[in-house]
Amino acid sequence: MHPYLRATFWILLYLLLVQAPLFVLLLGPKPAGDGFWFDFSLALGFAATAMMAIMFLLTARFQRATAPFGIDLVYYFHRLAAIGAFVFATIHPLVLFYKEPGLLRVILDGTLPLHLWTGLVSWVALAALMVSSLWRKSLHIHYDAWRVAHVLLALTALLLGVAHIVGVGHYSATFWKTWLWLGIALSCLTAAVRVRLVKPLQLLRRPWRVARVIEERGSSWTLVLRPEGHGGFRYLPGQFAWLTLRSSPFAMREHPFSISSSAATAGEISFTIKELGDFTNRIGEIRVGETAWIDGPYGTFSIDISQAPGYVFVAGGVGIAPIMSMLRTLADRGDRRPLLLFYAYHTWERTTFREELEELRERIDLTVVYVLSEPPADWEGEQGLLREEIFARGLPADRAARECFICGPTPMIAVAEKALARQGIALTHIHSEIFDLV
Amino acid sequence: MRLRFAQLLALASTLLLLLLSVIFALVQNP
């Protein structure tokens with residue numbers, strides 16, 4: 001099936017699932033209306049809970065459902081849609097407080113019945129989820145602690161939300177409507193169990209061993225991993241995986257990293273990781289022989305998915321990692337298609353893989369345009385931040401036929417996408433990878 | 001483009017749910 005058709009199917013399924021509870025509650029016996037604002041408020045509460053439930057499915061790493069979009073985009077969507085769920089969950093009680101001020105007094109008096117307490121605590125958990133996710137770095141919350149808290153808060157918000165709906169019983173008094181909500185809660189629990197228990201169990205059976213730790217320019221490290229007692233896995237150049245080091249796969253201390261090795265060679269697999277905080281700052285302390293666990297591969301950021309007579313790559317900083325995987329693979333395959341790389345970095349001294357890129361130019365038809373924001377005094381190449389005029393100068397005449405791959409910080413991706421589109425490259429030819437998720 | 005696509009889809013699906021909530025209330029309170 002065409003990727004667009006598959007994507008449309010999953011989007012329609014998402015819309016159907018997220019709306020279904022509202023429709024179903026209107027079927028069969030139902031209470032009489034209690035005024036527009038009262039019922040509107042309840043509908044928002046149901047919608048918020050349905051959205052929360054779908055978030056569990058979005059993040060359950062179903063490879064088939066996420067493949068047409070790229071799992072990075074699914075996580076990005078999860079982040080945005082969750083804001084919508086939070087807005088609904090906030091308006092729901094506010095409308096009720098406005099219409100029935102007595103309710104607010106009951107909360108302040110501390111005489112709230114249990115079925116309303118569940119709703120209140122559910123909202124508090126959701127609010128904590130929002131704050132800790134949107135401002136994790138500003139609040140200096142460690143990524144590993146955030147991961148654990150995120151799962152616990154999400155489960156609390158959803159399960160208490162469902163308990164609130166079932167406890168109140170308005171619109172869900174019939175047996176099958178109660179079971180609709182309990183079924184939703186069970187589906188979410190199943191999705192959480194799949195990611196947190198079933199997947200780690202599968203990983204335990206397929207351990208990896210650190211074979212080499214290589215220091216690269218620009219505070220980056222390449223970890224080379226070798227499969228231990230199994231054949232590893234096949235991946236497409238440019239894909240990424242979740243990597244667990246120095247802890248059990250059950251500990252939720254996994255981190256997504258791009259694979260930087262060639263997909264043409266079986267067995268060993270490399271990740272290139274920049275010291276950017278938390279876990280990554282200590283990556284250089286990893287020793288040869290340590291055990292690792294890899295959940296992957298994921299992602300659609302790959303030349304093997306988008307065939308073209310030539311490619312344009314845009315890398316910002318360590319965003320070079322998946323692009324190195326593609327360049328190395330093309331070199332190993334003896335591919336002679338024309339390749340152009342725009343590579344933005346701060347300084348020449350810290351530009352990761354610059355020596356290997358020069359070597360690769362002898363094996364593949366590669367042109368590299370370095371863009372330095374802090375160039376040395378004698379620098380004659382492009383400088384400053386990546387911008388449209390740099391693309392205008394560097395892009396070849398056959399640009400419209402090429403497929404473009406952009407990887408780097410999110411603001412750089414936005415600038416590059418816009419500039420490439422203005423330079424005549426169709427939006428369907430522009431692919432990007434988001435790695436700055438939380 | 002991908003980011004914009006995700007943003008539009010999130011906004012559209014949220015607005016759709018908002019509209020459905022209004023319809024829900026209108027059906028119950030004609």
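This is a predicted model: local features need pLDDT of at least 70, side-chain atom pairs count only at pLDDT 80 or more; totals for chains, interfaces and linings use all residues.
Reader: Now the two chains. How many residues of chain A are in contact with chain B?

Author: On the chain A side there are 26 residues, and they touch 19 residues of chain B. Several elements of chain A supply at least two residues each to this side: α1 (3-25), α2 (36-58), α4 (71-99), α12 (410-422) and β12 (430-434). Sorted by class, the chain A side has 19 nonpolar, five polar and two charged residues.

Reader: How do I describe two helices that pack together?

Author: For a packed pair, you give the angle between the axes and the distance between them.

Reader: Which residues of α1(A) and α1(B) meet?

Author: From α1(A) come Ile11(A), Leu15(A), Val18(A), Gln19(A) and Leu22(A), and they meet Leu9(B), Ser13(B), Leu16(B), Leu17(B), Leu20(B) and Phe24(B) of α1(B). By class, this contact has nine nonpolar, two polar and no charged residues.

Reader: Let me try a pair within chain A. At what angle do the axes of α2(A) and α4(A) cross?

Author: They cross at roughly 155°, and the axes come within 8 Å. Here the cut-off is over 145 degrees, which means that α2(A) is roughly antiparallel to α4(A). The crossing of these two helices is left-handed. Their contact has 20 nonpolar, five polar and one charged residues.

Reader: And what does α4(A) do with α6(A)?

Author: α4(A) packs against helix α6 (residues 114-134) of chain A at an angle of about 145°, with the axes 10 Å apart. This crossing is left-handed. Arg79(A), Phe86(A), Ala89(A) and Pro93(A) in α4(A) meet Trp123(A), Leu126(A), Met130(A) and Ser133(A) in α6(A). Six nonpolar, one polar and one charged residues make up the contact.

Reader: On to the sheet. In what order do its six strands stand?

Author: Follow the strands across the sheet from neighbour to neighbour. In chain A the order is β4-β3-β6-β1-β2-β5, in an open sheet with antiparallel pairing.

Reader: Why is one side of β4 and of β5 left without a neighbour in the sheet?

Author: Because β4 (254-258) and β5 (269-274) of chain A stand at the edges, each has a single partner strand. On average, neighbouring strands in this sheet are turned by 35° against each other, direction ignored.

Reader: Which residues can I click on to see the pairing?

Author: Take strand β2 (residues 220-227) of chain A, which is joined to β5(A) by six bridges; Leu223(A) stands opposite Phe271(A) there. Strand β6 (residues 291-298) of chain A is joined to strand β1 (residues 208-216) by two bridges, with Arg209(A) opposite Thr291(A). Strand β3 (residues 240-245) of chain A pairs with β6(A) over five bridges, and Trp242(A) stands opposite Asp295(A).

Notes:
Residues are numbered from 1 along each chain as its sequence is written. Chains are lettered from A and ligands numbered from 1 in the order in which they are written. Two residues are in contact if their C-beta atoms, placed from the backbone, lie within 7 Å. Helices (H or I, at least four residues) and strands (E, at least two) are DSSP runs, numbered from the N terminus. Ala, Val, Leu, Ile, Met, Phe, Trp, Tyr, Cys and Pro count as nonpolar, Asp, Glu, Lys and Arg as charged, and the others, Gly among them, as polar. Two strands pair if DSSP finds at least two bridges between them. Axes are lines fitted to C-alpha atoms, for helices over the stretch in contact, and angles run from 0 to 180 degrees between N-to-C directions. A crossing is left-handed if the near helix is turned anticlockwise from the far one by less than a right angle, and right-handed if clockwise. Angles under 35 degrees count as roughly parallel, over 145 as roughly antiparallel, 65 to 115 as roughly perpendicular and the rest as oblique.
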